[in-house]
Amino acid sequence: MLCSRKNTIGQYESHTAFTLPGLYRVVHGIDVFDPKFNIVSPGADMTIYFPYSDKEKRLTALHNSIEKLLYGTEQTDEYIGSLTDRSKPIIFSMARLDRVKNITGLVESYAKNSKLRELVNLVVVAGYIDVKKSSDREEIERIEKMHDLMKQYNLNGEFRWITAQTNRARNGELYRYIADTKGAFVQPAFYEAFGLTVVEAMTCGLPTFATNHGGPAEIIEHGVSGFHIDPYHPDQASELLVDFFQRCKEDPNHWNKVSDGGLQRIYERYTWKIYSERLMTLAGVYSFWKYVSKLERRETRRYLEMFYILKFRDLANSVPIAKDDAN
């Protein structure tokens with residue numbers, strides 16, 4: 001299994017022992033310290049996600065559509081809200097619009113911090129804007145809350161809400177466009193198993209603030225290649241953003257330092273070349289270890305026993321007993 005060590009404990013430990021009442025009892029489930037649970041962290045596709053400073057590769061043909069996406073004055077089903085002061089940096093976030101991703105939490109903490117609103121604009125790419133387009137109950141509740149926050153805190157002029165975007169090439173250039181404004185990427189999830197958008201943003205040279213619950217706590221070195229934030233303490237997170245942008249305003253080199261630190265972290269740990277090398281190494285080691293240790297034979301037997309108990313035993317009982325016609 002390919003996963004970050006940060007999301008093994010907790011995600012799997014409850015499966016060590018459990019019961020299916022009246023049917024089956026598992027006494028030896030998943031061992032999170034098994035060699036198969038090694039770190040093989042994926043990187044971002046560097047043909048799409050590359051540093052904003054790589055001018056020759058920049059997709060400038062997409063800039064007009066990105067300008068419209070961020071600053072277009074009309075309100076549509078694709079984007080609402082507006083950014084009045086285009087000279088301000090942009091805080092950017094992109095995720096599904098559900099509770100665990102905490103996009104509404106980011107919007108609310110931004111809305112409540114007057115200093116942060118003075119320093120930067122906020123742009124989020126998430127879900128649907130029109131509640132009628134969603135059939136998911138949780139997303140519908142988040143959509144309604146987003147609209148309520150916009151009205152309650154009068155965010156028009158400082159906040160832009162864009163629907164989910166599927167054009168990966170434009171998304172890559174969108175990260176870089178945000179970097180051009182000397183902005184930052186924020187990933188505020190209550191829990192994130194890995195955090196691919198964190199890697200994408202850092203690969204584009206965008207200073208990144210991400211949750212300390214899950215994979216991003218491992219991806220980012222706090223204060224060096226980005227910043228950890230605690231979504232359960234939103235006031236502290238917003239103050240960390242204020243400190244960062246205030247310092248960048250006073251010393252523009254600070255933004256470059258964090259941006260370069262993020263890129264260095266990516267080049268050291270999260271490229272596809274590193275990913276493929278680790279994957280091939282671990283695949284070889286695991287295959288050999290599995291061969292010499294008879295790995296999973298006990299697990300396979302129990303798996304078959306479970307099928308027998310849940311399925312085949314009932315089927316066997318339903319088969320008519322053969323009768324001797326002579327009797």
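This is a predicted model: local features need pLDDT of at least 70, side-chain atom pairs count only at pLDDT 80 or more; totals for chains, interfaces and linings use all residues.
**Exercise 1. Leaving aside its neighbours within four places in sequence, find the residues that Tyr-175 is in contact with.**

*Solution.* What remains in contact with Tyr-175 is Tyr-49, Phe-92, Met-94, Phe-185, Thr-197, Glu-200, Ala-201, Cys-204 and Leu-206.

Next, look at the core. Tyr-175 belongs to the largest nonpolar core, which has 70 residues. Along with Leu-70, Phe-92, Val-124, Phe-159, Trp-161 and Phe-244, Tyr-175 touches the most other members. Helix 8 (residues 234-250) gives the most to this core, namely six residues. For background, nonpolar side chains in soluble globular proteins tend to be buried together.

**Exercise 2. Work out how helix 1 (residues 63-71) and helix 5 (residues 168-180) are oriented, and which residues meet.**

*Solution.* Take the axes first: they come within 10 Å of each other and cross at roughly 70°. Angles of 65 to 115 degrees count as roughly perpendicular, so helix 1 is roughly perpendicular to helix 5. The crossing of the two is right-handed.

Now list the partners. Helix 1 brings His-63, Ser-65, Ile-66, Glu-67, Leu-69, Leu-70 and Tyr-71, and these meet Arg-170, Glu-173, Leu-174, Tyr-177 and Ile-178 of helix 5. Sorted by class, the residues of this contact are seven nonpolar, two polar and three charged.

**Exercise 3. Decide whether helix 2 (residues 103-112) is largely enclosed or largely open, using its buried residues.**

*Solution.* Buried means under 20% relative accessible area. By that cut-off, Ile-103, Thr-104, Leu-106, Val-107, Ser-109, Tyr-110 and Ala-111 are buried. Because these are seven of the 10 residues, helix 2 is largely enclosed by the rest of the structure.

**Exercise 4. Sum up the chain: how many helices and strands are there, and what share of residues is buried?**

*Solution.* Count the elements: 11 helices and nine strands. Then take burial: 46% of the 327 residues are buried. Finally, check the contacts between residues at least 6 apart in sequence: 70% of them join residues at least 24 apart.

Conventions: Residues are numbered from 1 along each chain as its sequence is written. Side-chain values use heavy atoms; hydrogens and water are left out. A nonpolar core is a set of buried Ala, Val, Leu, Ile, Met, Phe, Trp, Tyr and Cys residues joined through side-chain atoms within 4.5 Å. Buried means under 20% relative accessible area, exposed over 50%, partly exposed in between (1.4 Å probe, protein chains only). Helices (H or I, at least four residues) and strands (E, at least two) are DSSP runs, numbered from the N terminus. Contact means heavy atoms within 4.5 Å. Axes are lines fitted to C-alpha atoms, for helices over the stretch in contact, and angles run from 0 to 180 degrees between N-to-C directions. Angles under 35 degrees count as roughly parallel, over 145 as roughly antiparallel, 65 to 115 as roughly perpendicular and the rest as oblique. A crossing is left-handed if the near helix is turned anticlockwise from the far one by less than a right angle, and right-handed if clockwise. Ala, Val, Leu, Ile, Met, Phe, Trp, Tyr, Cys and Pro count as nonpolar, Asp, Glu, Lys and Arg as charged, and the others, Gly among them, as polar.
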